[in-house]
Each structure stands twice: as C-alpha cells, then as structure tokens.
Amino acid sequence: MEPDLIAGGYDAVYAAVPNSPTLRRIWHESAEGVDFPEEFGHISFTTLLELKRMAGELHLKAGDTLVDLGCGMAGPALWVAREIKAHLIGVDASRVATEQAAARAKELGLGEQARFVVGSYADTGIEAGTVDGAMSEDALQYAPDKEAAMAEVARILRPGGRFVFTAYELDPERAAGLPILGDNIVDDFRPALAEAGFTVTAYEEAPGWPEPMTATYSAVVGAKEALMQEMGEAATNVLLLEMALTLEHKPYQRRILAAATRE
Ligand SMILES: C[S@@+](CC[C@H](N)C(=O)[O-])C[C@H]1O[C@@H](n2cnc3c(N)ncnc32)[C@H](O)[C@@H]1O
C-alpha cells in the first residue's frame, strides 16, 4: 500500500481518537497497562516497563536530540524527552498525528523541547549526523522499504548514536498480499540494521507476545457500535479493518525490541 494511503487512514483515525473514551479505556486497560501515565497515552503496545528499558538503552543525556519515527501522538517519546530533558523531533506520515503531538507537547509544558515534522521513515528531512538517539514504537513494520528506513536512521544519527525500537517481524506466508503491510515482508530486522552500519546489541521477543495484542484487538472489534458512535464510520472502519485482518490472518511472526549502535 502506498505511504500516502496509510497516512490518509491514520489521519482519519487520529482525528477521531480524541472523541472516543471507549477506545482510550480499552487501550489503557489492555495495551499500555493501567500504570501507564494517561497524559502520555498512545496507540502502540508500549508498557511503562518497556518504555523505561527503551529510555535506558538510548544512552542519552540532558540536551541531547532524540528522534521518534512513526511517532503518532508521541506519548512514549514525550515521556522519554521529559525524563531525560532531551530535545525531541517526532516524525510521522500523518499530518494530523504531528499536529496532535505538538498540541500535547505544549499542554505538557514540553513545547520548547519538542517539534514534529511530517515525513517518512526513508525521508525524515533531518540534517545528517545531528541526532544522538532514535526510537520507534510498533511502527517500522509499515515501512515500504525497511532497508531504506534503516539507512535513513543511520544517516541522521551521529556515530555512536543509539537506535532503539519495537516492531513486528512479519510472517512471510501470512503477511503476503495483505493491505497496509505491503510487499516488503521482513521477518528479521537485523540484516537491514547491519547493512545500514549498525551493531545490534539487543534483539529480543517482547514479553507476553502475542498478548496483549489479541485481547486488545478483540475488545476493540467487540466495541464496534460504541466506536461508530464516538469516532464515526470512516475512522472506525479503518481501525477495525486492520485489527480484524490481523486477528484473522496473524501476519506477525512476533513483536521484538531491538537496540543498536551506529558505527
Ligand atoms: C501503530 S502507530 C504507532 C504510533 C506511536 N509510535 C505510538 O506509540 O502511539 C504507527 C505509526 O506509524 C506511522 N507511519 C506509517 N507508515 C509510515 C511511514 N512510511 N513513515 C512515517 N510514519 C509512518 C503511522 O502514521 C502511525 O502514526
């Protein structure tokens, strides 16, 4: 699927998400976990424990520059930026997501240390070698060209900079031909990382996989009527299509956490 179609789908979802207490409740209870600070809520499966691990693996210090790829509303990245007192640049293909992330940064008093740009994994528009650390949560499986995405992260990071992400490895047979996931089916991110000049220091299956994805997606699909009322038909259909396809076809092999150093 073309990146602008993905962005269009996400635009519709992000515009409607703030209207849906049902989606927020399901996500908080089943996906991010009840201990995750609500003001940094998100739409990935990042728990507070995992986010603390990611923040530690970034090896950043106050004043450093952090990039979040596929940042969405940027809850996890803003949490890290606040903890470390880092400057944040969030990149997402969805304009609506970047606008919401910027508004949220301002509300949280982080407006001075965060900015958000519309861009793609392969073309962030960020100057080469200016970034100290990069993160991404549950977004890189959508990259239409994973090697180009890794090469772009290597380009913007300074030597020694760290790249820490969670993402889904795709199952080549089950993911083939499914919309959204496209035809760049990658079942292991390590070759693309090595090709881009990274040394991989951690590459692990996320604890609990495939829960809580199954529980969260099943709860969201089951709440269709409430979501239709709160989010409207178009956004609900985009959201439920991806979740129903994921539950039916199981295109993900596993969810991994990776940490790597740019040489
Ligand atoms: C599952 S969401 C995760 C968002 C965020 N990381 C979070 O924790 O809530 C995946 C994000 O990837 C973004 N995305 C998808 N394809 C992209 C691309 N080619 N370039 C940049 N962002 C993309 C979507 O717009 C969406 O915000």
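View 1. A search of the whole structure finds 1 cavity of 30 Å³ or more, a cavity being a set of points, on a 1 Å grid over the protein atoms alone, where a 1.4 Å probe fits but cannot get out. About 60 Å³ of space lies in the largest cavity, a volume being the space filled by probe spheres set on the points, which are joined across faces, edges and corners. Its lining (residues with an atom within 4 Å of a point) consists of Tyr-142, Leu-178, Pro-179, Ile-180, Leu-181, Glu-242, Leu-245, Thr-246, Pro-251 and Tyr-252, and the largest share, 3 residues, comes from helix H11. This is a predicted model, in which local features need pLDDT of at least 70 and side-chain atom pairs count only at pLDDT 80 or more, while totals for chains, interfaces and linings use all residues. Residues are numbered from 1 along each chain as its sequence is written, and side-chain values use heavy atoms, with hydrogens and water left out.

**View 2. The largest pocket.** About 870 Å³ of space lies in the largest pocket, a pocket being an open set of points with protein on both sides within 12 Å along at least five of seven lines. Of the 49 residues that line this pocket, Ile-6, Tyr-10, Tyr-14, Tyr-142 and Glu-242 lie nearest its centre.

**View 3. The largest nonpolar core around Phe-163.** This core has 63 residues, and those with the most contacts inside it are Leu-140, Phe-163, Phe-165, Phe-189 and Val-220. A nonpolar core is a set of buried Ala, Val, Leu, Ile, Met, Phe, Trp, Tyr and Cys residues joined through side-chain atoms within 4.5 Å, where buried means under 20% relative accessible area with a 1.4 Å probe, protein chains only. Strand E5 (residues 157-170) gives the largest share of the core, 6 residues. Leaving aside residues up to four places away in sequence, Phe-163 touches several residues (heavy atoms within 4.5 Å), among them Leu-69, Met-150, Val-153 and Phe-198.

**View 4. Helix H6 and its cap.** The buried residues of helix H6 (residues 146-156) include Met-150 and Val-153, and the buried residues of H6 pack against several elements, including E5 and strand E4 (131-137). Asp-145 caps the N-terminal end of H6, with a side-chain oxygen 3.2 Å from the backbone nitrogen of Glu-147.

Conventions:
Buried means under 20% relative accessible area, exposed over 50%, partly exposed in between (1.4 Å probe, protein chains only). Helices (H or I, at least four residues) and strands (E, at least two) are DSSP runs, numbered from the N terminus. A polar contact is a pair of N or O atoms within 3.5 Å; within protein, one must be able to donate a hydrogen and the other to accept it, and residues adjacent in sequence count only if both atoms are side-chain atoms.
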